[in-house]
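Let us walk through this structure step by step. We start with paired strands, move on to pockets, and end with charged pairs.

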Amino acid sequence: MKVTGRYRGTVGVVGAGRFGLALAAVSARHGYQTCLYSSLAQRAARLESERCLPEILPELSRLPDEVSITNDPQVLADSCTLVVVTVGSEYLGDILRRIGPHLDGAHVVVHAVHLLEGEGLRGVTHAIQQGSGARQVGVIAGPMHVSEMLLGLPNTAVVASAYPAARDLVRSVFCSPAIQIYPSKDADGVERAASLAQVVAFAVGLCDGLDLGAASHASVLTLGLAEMAGIGTRVGANERSFMGLAGVGRVVDAIRRAEPNYQLGLSIAGAKTKAARQKLVKEAPPEALCVPVIDAVMKAAPHHALDVPLVRALDAVLRGALGPEDALRGALQDIRMPV
């Protein structure tokens, strides 16, 4: 493991939501001193005194003693080399403004925020590099389940970074007989695969909610996976990343457990009127990142000559220009369906 600058032994976890709490617990169980940072002072104080948040993570009765809690970004920066960012996308900008000035070239920052922005469909690693002094950055993605992870059931993920230290540190901290984390150099591909997988899950949710049948389910899934890989390779990612844990793995997982993107598709398909569908889109939970990712792809499409019949159809549904069934039937009749 080679880290540029001074090595600090504590593992940092940013965000005291379900995933952040679980990762902090796992890190501590694996023998690492762990610093859990929350930007919410009251939440940090409560965790310090009560050592749990049952309304957020009832599966965890108590954080291990090896987990310290802080609301001070300087404490996080001074104690940690590896910093794992787990906050929701709606909090990312605020978090980077808080911790970014305290991070330097010795920090290794890995995130689990699956969002794309700009004409280049850049992921959050770019935002971290732009908003902090950290350069050794990466992304972690895959079908990891908080409940199953805490129970010691098998979990898998991929950590992707151009920097060996990022890949090695994440694997050394979190890998165990029950948790396998595979390394990849293709951070761009993994970020885009994990983000676009949410779009495919939404499309399949629409199909299932309309009760279009098993053949349509398979066809939408096929078109979605092919389109996802096509978008990624068009903007410079490795196609293999889309067929791995961050792409196919996340789609299968999202459908199996009806996660927010898939559930949004089900709900919109079941809405009886355009107004009801638009209300669901407007009130979509922040975890349903298919909405901003679809918008980002539509904005980027003209700049990269992207061939995206399914994304166009989904965008029409979100805007209210087409009903879900008309949109999906049109996409499935496109001559570019992979065969």
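This is a predicted model. Begin at strand β4, residues 80–85. β4 pairs with strand β5, residues 108–111. The two strands run in the parallel sense, and four bridges join them. How does the chain get from β4 to β5? The path leads through helix α4, residues 89–99. This β-α-β crossover is right-handed.

Strand β1, residues 10–14, lies parallel to β4, with four bridges between them. Look for Val14: its bridge partner in β4 is Val85. Is β4 covered or open? The strand is mostly covered, and six of its six residues are buried. Buried here means under 20% relative accessible area. As a general point, side chains in a regular strand alternate between the two faces of the sheet.

Now turn to the empty spaces. A probe the size of a water molecule, rolled over the atoms, shows where such space is left. The largest pocket has a volume of about 1,300 Å³. Its lining counts 43 residues. Closest to the centre are Arg18, Phe19, Thr86, Gly88 and Glu287. Which element gives the largest share of this lining? Helix α4 does, with five residues. By class, the lining has 20 nonpolar, 14 polar and nine charged residues.

The second largest pocket has a volume of about 220 Å³. It is lined by 13 residues. Val158, Pro183, Ser184, Arg240 and Ser241 are the closest to its centre. Strand β8 (179–184) gives the largest share of the lining, three residues. Helices α10 (239–242) and α11 each supply at least two residues too. The classes here are six nonpolar, four polar and three charged residues.

Charged pairs come next. How many salt bridges are there? The count comes to ten. Take Arg18, one of the residues closest to the centre of the largest pocket. Arg18 forms a salt bridge with Glu59, and their closest N and O atoms are 2.9 Å apart. Arg18 sits in helix α1, while Glu59 sits in the loop between α2 (41–50) and β3 (67–70), so the pair ties together parts that are 41 residues apart in sequence. Arg18 is partly exposed, at 34% relative accessibility. Glu59 is also partly exposed, at 35%.

A second salt bridge joins Glu55 and Arg46, with closest N and O atoms 2.5 Å apart. Arg46 is partly exposed, at 28% relative accessibility. This pair belongs to a network of salt bridges that links Arg46, Glu50 and Glu55.

The last stop is helix α15, residues 309–319. Here Asp315 forms a salt bridge with Arg319, the closest N and O atoms being 2.8 Å apart. Why is about one helical turn between them? Asp315 and Arg319 are four residues apart in the helix, so about one turn separates them. Is Asp315 buried or exposed? Its relative accessibility is 11%, so Asp315 counts as buried.

Conventions. Residues are numbered from 1 along each chain as its sequence is written. This is a predicted model: local features need pLDDT of at least 70, side-chain atom pairs count only at pLDDT 80 or more; totals for chains, interfaces and linings use all residues. Side-chain values use heavy atoms; hydrogens and water are left out. Buried means under 20% relative accessible area, exposed over 50%, partly exposed in between (1.4 Å probe, protein chains only). Two strands pair if DSSP finds at least two bridges between them. A crossover is right-handed if, with the strands pointing away from the viewer, the path from the first strand over the helix to the second runs clockwise. On a 1 Å grid over the protein atoms alone, a cavity is a set of points where a 1.4 Å probe fits but cannot get out, and a pocket is an open set with protein on both sides within 12 Å along at least five of seven lines; lining residues have an atom within 4 Å of a point. Grid points are joined across faces, edges and corners, and a volume is the space filled by probe spheres set on the points. Ala, Val, Leu, Ile, Met, Phe, Trp, Tyr, Cys and Pro count as nonpolar, Asp, Glu, Lys and Arg as charged, and the others, Gly among them, as polar. A salt bridge is a side-chain nitrogen of Lys or Arg within 4 Å of a carboxyl oxygen of Asp or Glu.
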